[in-house]
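Work through the exercises below with the sequence and the model at hand. Each task is followed by a solution in steps.

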Amino acid sequence: MAAEIVNPPTESNGGSSGNPDQEGGDEPLDSFDPAFALHRGGKMAVQATVPIRDKDDLSLAYTPGVARVCTAIAEQPALVHDYTWKSSVVAVVTDGTAVLGLGDIGPEASLPVMEGKAILFKQFGGVDAVPIALDCTDVDEIVETVVRLAPSFGGVNLEDISAPRCFEIERRLQERLDIPVFHDDQHGTAVVTLAALRNAARLSGRELGDLRAVISGAGAAGVAIAKMLLEAGIGDVSVADRKGVVSADRDDLTPVKRELAAITNKSGLSGSLEAALAGADVFIGVSGGTVPEPAVASMAEGAFVFAMANPNPEVHPDVAHKYAAVVATGRSDFPNQINNVLAFPGIFAGALQVRASRITEGMKIAAAEALASVVGDDLAPDYVIPSPFDERVAPAVTAAVAAAARAEGVARR
């Protein structure tokens with residue numbers, strides 16, 4: 001999820017009252033930064049959907065009326081979807097190990113982001129969500145904890161869990177649960193990237209199969225983007241980490257990167273990211289750092305640069321525009337923002353609508369195609385992806401995902 005990092009003011013040298021919410025012991029942080037004022041008290045609350053005005057309402061919402069509903073669900077467990085909020089609520093789960101660009105800051109410090117994610121679910125997809133920050137980082141403990149929480153939820157959105165643990169956690173949870181499990185840092189990013197790339201290709205009169213892409217970053221997002229581009233029919237894609245192109249001739253690869261090397265890099269490239277960019281049609285940055293301008297200049301004519309690191313893109317748009325036909329970032333203050341909020345609310349809304357047992361590759365591809373289609377005839381170099389505030393986005397993605405779930409046999413209604 002694209003966001004800019006705001007550092008709280010540091011304490012002055014003039015002494016402190018001992019109150020951690022005071023700047024220099026004088027004024028609250030709210031006085032210095034509007035982000036603190038907005039976050040005071042949290043960003044969300046639980047709200048009843050039925051009135052409790054008198055004893056008759058109380059007897060229906062709680063005892064004795066609630067007992068009849070409980071008994072019916074005990075006898076027919078599937079009724080839980082009709083008579084509770086289960087089918088419209090998602091658990092937003094993190095361990096706080098990879099929060100935005102802040103890294104491993106722990107579960108408590110992750111809560112503002114998880115709250116933010118939850119209100120985006122509601123605002124853009126009409127899906128209720130509950131932030132859950134876990135005080136553990138062990139894979140087994142996370143999996144077992146989420147499995148035990150799962151009866152309360154219709155889906156699980158994994159968020160800000162560091163790689164490579166995130167891959168195993170998602171895989172094991174999906175094997176254990178019969179509800180959608182979706183790691184947004186992987187798949188949400190990949191869906192929006194594919195949608196933007198489809199439109200960039202359409203703008204230039206090319207197909208995905210005509211393109212060679214280079215991805216900077218072999219973490220959660222980079223791996224997922226590579227796999228989705230391959231599923232969608234990209235001509236070739238190479239992925240680079242800190243040591244260069246992830247290739248089969250390297251002996252320092254993790255199991256995840258070995259798998260990646262086996263399915264990517266048909267061109268047989270090796271060496272640095274900069275070398276791989278020579279003649280490439282697409283650069284996709286999900287790693288941070290800076291790509292030297294000569295490397296960008298070496299790309300093919302009419303190239304696309306998607307530099308999505310926040311707050312500082314790997315290639316500044318002013319530089320990218322010198323050489324690229326389409327430029328996208330993860331920031332809201334530049335055109336073509338690659339923002340996960342375009343994907344995850346509609347994906348979960350569609351999956352929950354049909355009570356899908358999981359989210360398939362076909363459902364993700366359908367989401368990307370629906371998102372790309374929203375742009376329609378308004379396609380332009382500075383408009384290859386719609387705004388998160390475009391009211392057509394969530395309904396289009398929801399409908400496409402629901403239809404794909406039915407087509408792939410994972411829908412249960």
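**Exercise 1.** Find which residue's side chain makes a polar contact with the side chain of glutamate 159, and state the distance.

Solution. In this predicted model, the side chains of glutamate 159 and lysine 117 are joined by a polar contact of 3.3 Å. To place glutamate 159 in the chain, look at the loop that lies between strand 5 (155-158) and helix 7. Next, list its contacts, leaving out residues up to four places away in sequence: Val92, Val93, Thr94, Met114, Lys117, His183, Asp184 and Asp185.

**Exercise 2.** Decide whether glutamate 159 is buried or exposed.

Solution. The relative accessible area of glutamate 159 is 1%. The cut-off for buried is under 20%. Glutamate 159 is therefore buried.

**Exercise 3.** Give the order of the strands in the open sheet and name its edge strands.

Solution. The sheet has 4 strands in the order 4-3-5-6, with parallel pairing. Strand 4 (128-133) and strand 6 (181-183) pair on one side only, which makes them the edge strands. On average, and with direction ignored, neighbouring strands of the sheet are turned by 25 degrees against each other. Valine 92 has proline 131 of strand 4 as its bridge partner.

**Exercise 4.** Determine which strands helix 7 touches where it packs on the sheet.

Solution. Helix 7 touches strand 5 and strand 6. Its direction makes about 170 degrees with that of strand 6.

**Exercise 5.** Identify the backbone atoms that the side chain of glutamine 174 reaches.

Solution. Start by locating glutamine 174, which belongs to helix 7 (residues 165-176). A polar atom of its side chain lies 3.2 Å from the backbone oxygen of isoleucine 179. The side chain of glutamine 174 also reaches the backbone nitrogen of valine 181, at 3.2 Å. Among the residues that glutamine 174 touches, beyond those up to four places away in sequence, are Pro180, Ser357, Arg358 and Ile359.

**Exercise 6.** Explain why helix 14 (residues 344-353) counts as largely enclosed by the rest of the structure.

Solution. Count the buried residues: they make up 9 of the 10 in helix 14, so the helix is largely enclosed by the rest of the structure. The buried residues include Phe344, Ile347, Phe348 and Leu352.

Methods:
Residues are numbered from 1 along each chain as its sequence is written. This is a predicted model: local features need pLDDT of at least 70, side-chain atom pairs count only at pLDDT 80 or more; totals for chains, interfaces and linings use all residues. Side-chain values use heavy atoms; hydrogens and water are left out. Helices (H or I, at least four residues) and strands (E, at least two) are DSSP runs, numbered from the N terminus. A polar contact is a pair of N or O atoms within 3.5 Å; within protein, one must be able to donate a hydrogen and the other to accept it, and residues adjacent in sequence count only if both atoms are side-chain atoms. Contact means heavy atoms within 4.5 Å. Buried means under 20% relative accessible area, exposed over 50%, partly exposed in between (1.4 Å probe, protein chains only). Two strands pair if DSSP finds at least two bridges between them. Axes are lines fitted to C-alpha atoms, for helices over the stretch in contact, and angles run from 0 to 180 degrees between N-to-C directions.
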